[in-house]
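Please keep the structure open while reading.

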Amino acid sequence: MIVTRSWLSEFIDLSDVSNDTLYKTFNAIGLEVDSIKEITIPGKVVIGKIVSCEKHPDADKLNVCKIDVGTGTRQIVCGAANVVNAEYVAVATIGAVLPGDFVIKHAKLRGVESEGMVCSSTELGLPAMGDGIMILDESIGILEVGKEFGEYSTVADTIFELELTANRGDCLSIYGVARDLSVALDRELKVFEYRQEEKMKLGIAREAEIHQEGEIDADLYYKLANLEHLHSSFLIDLRLAMIDESTEGKLDAMLKYAMHTTGIALRTYQSSLFRKDDKVTVFVRSSEKGIVEVVGNGKVLSTVGVNQDDTAKATDTSEQILIEASYIHPDVMVEAVWSAETSYATDDLYYYTSRGSNPDLAFGLSYLSMLLDTYFEFSCYEGALRVEASREKEAIAVDTKEISSIIGMEIDKSKIVSILQRLEFVINSVDETVVSATIPCFRHDIKNVQDVAEEIVRIIGINHIEAKPLVFTEANRLNTTSDRYRVKKAFKNRAVGCGFYENVSYVFTQKSVLEKYGFPTVEEKLELSNPIAEELNTLRTTILTNLLQAVKRNVSYSKKSIPLFEIGTVFDPQRQEKEVLSFVVSGHSESESVQNAGKPKSIDFAAFVDKISAIIGKFELVPCSRSNGLLHPYQSADILVDGKVCGYLSKLHPTVQEHYDIPVTFIAELELDPLLPKHINAEGISRFQGVYKDLSVVIDKTISYYEVAKVIRGLDLPMLKDVYPVDIYEDEKLGEKKSLTIRFFIQSMEDTLKEGDIEKVMESVMSALAEAFNAQIR
């Protein structure tokens, strides 16, 4: 965004503000100055009035001019073709030193004396304004012959190029920047007032009408005007050159100048394109949210804020024009343009509207009317055609304590209210700590209290915020989710430490595979409506089938030991999800090495159980209650943790092993929730020595250790701390019986064990086993 000091001065008094202060203020309020250029017009360049202009007697392209320069009339030979149209010009007199150390001296051109030079803009260090010399007018001030050209502040100006962030569309105009400056410098904006001299009494309603269709998301104002005798303005042309804005004629120059000044989105149309039955009829329609089309006689002439048909634009030859001022919320329009099925071409105006143009449409029309009335023969119909969108003004509750906390410095509530008011927030209410304010329409980017805090900081000035050491207090973010993550991470680390590799698979699988092996499937009405692939056509109810596919792939890669695990989600038939921990070990139980002579054993039940125990901790095995096609009929068990079944493990069924063409394989799948650590009350530790005692009993072969342990644990024996099997022996002499050796750990919390205490415990155990299983001491 480019602004100049004199241009800003039309809206704010900067007479006592230096360029250095302006530079610092811009940067302090977030309008970063990318570059600054102070234009200095060389001395002895003065205002001259052409008294006469004649052709050079010996050169067709030269003119001999008599020019009054205040101190007298000078004869100057000029080669610019447009000098014949000029009355007032900038003249470099004898002794002037122009940029590039070009010294003006007395000269003779093709035999004719020349006492100076009529200057173009570039010859004085001004931006290019087209071919030829500068033709001056009183738009820069009263032209006094002989006055130094550099004394005109609108010419010897200061140009600031500001680097705006994408959200500051409100500062894409001279007025917008002046508005921010007025707050930062604590001075009032100048009120723009213009009242057109009444040249036409006819109201617009007698000549034009507007119709709308659909819900219009834009504010639209239309004025109808007659134009003739167009004149240019030196100041407007100069300032447009300063901002590097090209134009397509005098009317286009006025339009772009008015937009850069006010920030209002403006367009002009040839009114004849809307004329029907001797009346200008504007039809505005909206087929989708954010897209508003302007139609004339059935043809779309523009999309509001997006583009305009080139043939619809008013030109310098147009006798009657329709002027449009528009505003549409940038978020609504941009979303509509980018999401629309139709590809919309955009023009220069879209840059303004997509970042947020000025919604004060009456100001834009009034300013443009002032320009047209000043430089053109301009007559405007009274009144305007209007369409106004229905939108609620957004309000925000500002907690002054929170503002101070964000900024890091105590800001008085009255100061916050004052700054918000100067930023044109409407204060609705103020209580002890909260200020309720309505956000101005031109600040669509302000959404929350952090945005308000940024505004407060801008105006106070970042340099005025007291420097403090960073104090960072993080909120307590430990919750069930973080606990769950930590436990899963611990399981993963242990599994990797035990030689497992993590498998990651889709939550999808093939429905026919689940059905083949007897796993439940998701109800038909809850199935995937659009599977990503035929072999992934349902949600998985187990991870094990996915792991077996991974084992098969690894076998094809000649892997001999394949330990895999996966923590993931499975679903029940009602599509309710839960997390499980699944394992598979296939092939060798360990890597080939010298210790096993390159012939490691295959994985077996005991080795697999040890691996699982090393990962999830202590558990018990009980007869398997599950039923699916992967389970081995004799080598499978449920896993008990804290007395509750939370999963199962098994050798893979031989037929499944053969189907997948893989070596001996063991599988396990456990629900994650029962494995999560729970709060456990601490128990006292005995300071007295305990003893181990073995007991060998003869029982029927059909009786499992699980049944024996269940009876023993059911006894009320406080001194019995632990019990586990150490040996099972069978031979012909025992027949249908077997010998089971059980080891007991006995310890007292109160006293040193006596032989009688130990015998009492062992007698109680033996009596219970004899009663339950007809057990005998071996």
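S18 and S19 make a hairpin with two residues between them. The model is a predicted one, and the angles and distances given here are computed from it. Strand S18 covers residues 291-296 and strand S19 residues 299-303; the two are antiparallel and share four bridges.

Aspartate 244 is a residue other than glycine with a positive phi, near 60 degrees. Its place is the loop between helix H4 (234-242) and H5. Is aspartate 244 buried or exposed? With a relative accessible area of 69%, aspartate 244 is exposed, since the cut-off for that class is over 50%. Glutamate 424 is not a glycine either, and its phi is positive at about 75 degrees. Glutamate 424 lies in the loop between helix H10 (413-422) and strand S25 (426-430). Its relative accessibility is 34%, so glutamate 424 counts as partly exposed.

The next topic is an open sheet. Seven strands form it, in the order S27-S30-S31-S35-S34-S33-S32, and the pairing is mixed. The edges are strand S27 (501-502) and strand S32 (620-623); each has a single partner strand, so one side of each has no neighbour in the sheet. Strands of a sheet pair through backbone hydrogen bonds, and the pairing can be parallel or antiparallel. Within this sheet, strand S30 (residues 561-571) and strand S31 (residues 577-587) run antiparallel and are joined by eleven bridges. In this pairing, valine 570 stands opposite lysine 578 in S31.

Side-chain rings come next. The count of aromatic pairs is 16. One of them is the pair of tryptophan 7 and tyrosine 257, which is stacked, with 4.9 Å from centre to centre and 15 degrees between the planes. Which parts of the chain does this pair tie together? Tryptophan 7 belongs to helix H1 (residues 5-8) and tyrosine 257 to helix H5 (residues 250-262), so the pair links parts that are 250 residues apart in sequence. Tryptophan 7 is buried, at a relative accessible area of 0%, and tyrosine 257 is buried as well, at 2%. Tyrosine 269 and phenylalanine 274 form an edge-to-face pair, because their planes stand at 85 degrees, with the ring centres 5.4 Å apart; the cut-off for this class is over 60 degrees. Tyrosine 269 counts as buried at 0% relative accessibility, and phenylalanine 274 is also buried, at 0%. Phe11, Tyr175, Phe192, Phe363 and Tyr367 make up one aromatic cluster.

Lysine 147 lies over the face of tyrosine 152, 4.4 Å from the ring centre. The charged end of arginine 179 is placed over the ring of phenylalanine 442, at 3.6 Å from its centre.

The remaining values describe the whole chain. The protein has 18 helices and 39 strands. How does its radius of gyration stand against that of a compact globule of 778 residues? The globule would have a value near 28 Å, but the protein has 46 Å. The C-alpha trace spans about 145 × 65 × 60 Å along its principal axes. Of the 778 residues, 48% count as buried. Among contacts with a separation of 6 or more, 69% come from residues 24 or more positions apart. The accessible surface of the protein is about 40400 Å², and carbon and sulfur atoms account for 48% of this area.

Key: Residues are numbered from 1 along each chain as its sequence is written. This is a predicted model: local features need pLDDT of at least 70, side-chain atom pairs count only at pLDDT 80 or more; totals for chains, interfaces and linings use all residues. Side-chain values use heavy atoms; hydrogens and water are left out. Rings of Phe, Tyr and Trp (its six-membered ring) pair if their centres lie within 6.5 Å; planes under 30 degrees apart count as stacked, over 60 as edge-to-face and the rest as tilted. Buried means under 20% relative accessible area, exposed over 50%, partly exposed in between (1.4 Å probe, protein chains only). A charge sits over a ring if NZ of Lys or CZ of Arg is within 6 Å of the ring centre and within 35 degrees of the ring normal. The radius of gyration is taken over C-alpha atoms; the globule rule is 2.2 Å times the number of residues to the power 0.38. Contact means heavy atoms within 4.5 Å. Accessible areas come from the Shrake-Rupley method with a 1.4 Å probe; for residues, only the protein chains shown count as cover. Two strands pair if DSSP finds at least two bridges between them.
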